[in-house]
Amino acid sequence: MAFCRRVAKPGSGRAAVRTAASAAAVASAAALSAVAAGAEPHDPAGRPAARSAGGRIATLYAQAERATERYNAARTRTQVLRREVDRIQDRVARGQGRVNRMRVALGALAGGQYRTGGIDPGLALLLSGDPAQYLDRAATLERITSRQAAQLRVVQSAQRTLRQERAEAAAKLGKLEHSRRVVARHKRAVQHRLATARRLVNALPPRERESYAHRASRAGGREPGALAGLPPGTLSGSGPGELSGGRLGGRHAAPFSGRAAAAFGAARAALGLPYAWGHAGPTAFDCSGLTQWAYAHAGVAIPRTSQAQAHAGQPVPLSQARPGDLVVYRSDASHVAMYAGNGQVIHAPYPGARVRYDPVDMLPISSITRV
């Protein structure tokens with residue numbers, strides 16, 4: 001772009017400064033509008049742009065969201081490992097108790113055999129007043145010896161199993177410790193980016209900061225046209241089977257399932273609640289926490305992270321999207337929202353913002369999934 005160089009007239013410097021400041025404010029406000037819509041600015045090469053304060057804030061929030069989803073995945077993995085370790089350790093404890101009891105029983109049997117078999121059998125026969133009784137006892141002793149050998153084999157097998165389970169528990173504990181370190185690393189990454197973003201927001205001029213805070217706190221405004229014909233709360237109180245096969249009014253509405261209606265109703269009930277990274281309700285959410293929580297209200301368990309939720313059902317094109325479908329964004333699937341009809345989604349946008357409606361094309365769409 002070419003610029004004309006003009007000679008400044010006397011007394012025009014102050015006006016020029018005001019004009020430049022106004023232009024900068026407009027540019028910064030435009031960048032912040034992109035942040036408020038959840039957009040992530042990019043340069044012509046496709047790299048995140050960070051030339052303005054608004055652009056840097058948007059980039060930091062996008063990076064924090066990616067780190068949040070990695071944190072969620074690592075925390076889920078840690079929880080799974082913790083449950084596995086608990087189960088293995090419980091088996092080890094019960095196995096050790098079983099081995100201890102068998103050892104006591106085997107020791108008592110061996111002691112009794114030693115006491116009864118310590119005399120030479122021939123001498124015992126001579127000293128016995130009843131040879132027939134002695135022979136009966138000898139036959140019993142032979143059976144006891146056979147039983148002792150069988151129990152010894154059982155004890156040895158139990159000990160082998162116990163050693164294997166202890167080795168498995170040790171390996172799982174190692175993985176658990178590694179997973180905990182991964183959780184801590186991603187947590188630090190999220191906190192660092194959010195702290196940097198907050199510093200940039202606080203450094204904005206007062207009017208821009210106030211405008212940004214107002215946009216971030218909005219709860220979504222008017223519902224999409226597809227919902228305009230329904231009384232308030234029609235879906236939010238619906239159970240999993242109450243609206244099966246129903247339609248949301250509007251030209252592009254399509255039949256949707258009862259569980260999708262229940263999940264969508266739960267998401268609508270969350271409008272206005274704050275974003276909080278790592279949270280999955282009931283009073284605050286990150287993006288994937290909101291969709292997981294909403295579907296849990298429909299009695300459907302879906303994975304915790306946006307990447308996993310992208311594969312939690314059947315893929316559908318945007319032209320066939322229905323309320324309740326999951327809309328996953330960015331090439332790395334780091335953001336997820338719930339389709340609301342007529343080109344709108346409900347989502348938890350970013351820190352400082354509240355659950356709200358936004359256009360479905362607010363970010364590059366990666367996939368749409370019907371649960």
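How many bridges pair β3 with strand β4, and in which sense do they run? Three bridges join them, in the antiparallel sense. The model is predicted.

**View 1. The whole protein, with eight helices and six strands.**
The elements run α-α-α-α-α-α-α-α-β-β-β-β-β-β from the N terminus on. The protein has 371 residues, and buried residues make up 40% of them. Its accessible surface comes to about 20500 Å². Carbon and sulfur atoms hold 57% of that surface. Take the contacts between residues at least 6 apart in sequence: 66% of these join residues at least 24 apart.

**View 2. The open sheet of six strands.**
The strand order is β1-β6-β2-β3-β4-β5, and the pairing is antiparallel. β1 (314–315) and β5 stand at the edges. Each has a single partner strand, so one side of each is left without a neighbour in the sheet. Strands of a sheet pair through backbone hydrogen bonds, either parallel or antiparallel.

**View 3. Strand β3 and its partner β2.**
β3 spans residues 335–341, and seven of its seven residues are buried. The strand is therefore largely enclosed by the rest of the structure. Strand β2 (residues 326–329) runs antiparallel to β3, and four bridges join the two. Tyr-329 stands opposite His-335 in β3. The hairpin of β2 and β3 has five residues between the strands. In this hairpin, Arg-330 takes a positive phi near 70°.

β4 covers residues 344–347. Two of its residues can be followed across to β3. Val-345 is the bridge partner of Tyr-339. Gln-344 is the bridge partner of Gly-341.

**View 4. Strand β4, covered on both faces.**
In a regular strand the side chains alternate between the two faces of the sheet. In β4, Gln-344 and Ile-346 are on one side, while Val-345 and His-347 are on the other. Are these four residues buried or exposed? All are buried. On to the next strand: β4 pairs with strand β5 (residues 356–359) over four bridges, in the antiparallel sense. His-347 stands opposite Arg-356 in β5.

**View 5. Two helices across the sheet strands.**
Helix α6 lies across β3, β4 and β5. It runs at about 105° to β3. Helix α7 lies across β2, β3 and β4. Its angle to β3 is about 50°.

**View 6. The largest nonpolar core, with 49 residues.**
Which residues have the most contacts inside this core? They are Tyr-61, Leu-290, Tyr-295, Met-338 and Ile-346. At least two residues come from each of α2, α4 (131–202), α6, α7, β2 and β3. α2 gives the most, with eight residues.

**View 7. The surroundings of Ile-346.**
This view leaves aside neighbours within four places in sequence. The residues in contact with Ile-346 then include Phe-264, Ala-267, Arg-268, Leu-271 and Leu-290. Further along the chain, its contacts include Ala-337, Met-338 and Ala-340. Val-355, Arg-356 and Tyr-357 are also in contact with Ile-346.

**View 8. An aromatic pair, Tyr-71 and Trp-277.**
The count of aromatic pairs comes to three. Tyr-71 and Trp-277 form an edge-to-face pair, 4.9 Å centre to centre, with 70° between the planes. The pair links distant parts of the chain, 206 residues apart. Tyr-71 is in helix α2 (residues 53–117). Trp-277 is in the loop between α6 (258–269) and α7 (287–297). Tyr-71 is buried, and Trp-277 is buried too.

Methods. Residues are numbered from 1 along each chain as its sequence is written. This is a predicted model: local features need pLDDT of at least 70, side-chain atom pairs count only at pLDDT 80 or more; totals for chains, interfaces and linings use all residues. Side-chain values use heavy atoms; hydrogens and water are left out. Rings of Phe, Tyr and Trp (its six-membered ring) pair if their centres lie within 6.5 Å; planes under 30 degrees apart count as stacked, over 60 as edge-to-face and the rest as tilted. Buried means under 20% relative accessible area, exposed over 50%, partly exposed in between (1.4 Å probe, protein chains only). Two strands pair if DSSP finds at least two bridges between them. Contact means heavy atoms within 4.5 Å. Accessible areas come from the Shrake-Rupley method with a 1.4 Å probe; for residues, only the protein chains shown count as cover. A nonpolar core is a set of buried Ala, Val, Leu, Ile, Met, Phe, Trp, Tyr and Cys residues joined through side-chain atoms within 4.5 Å. Axes are lines fitted to C-alpha atoms, for helices over the stretch in contact, and angles run from 0 to 180 degrees between N-to-C directions.
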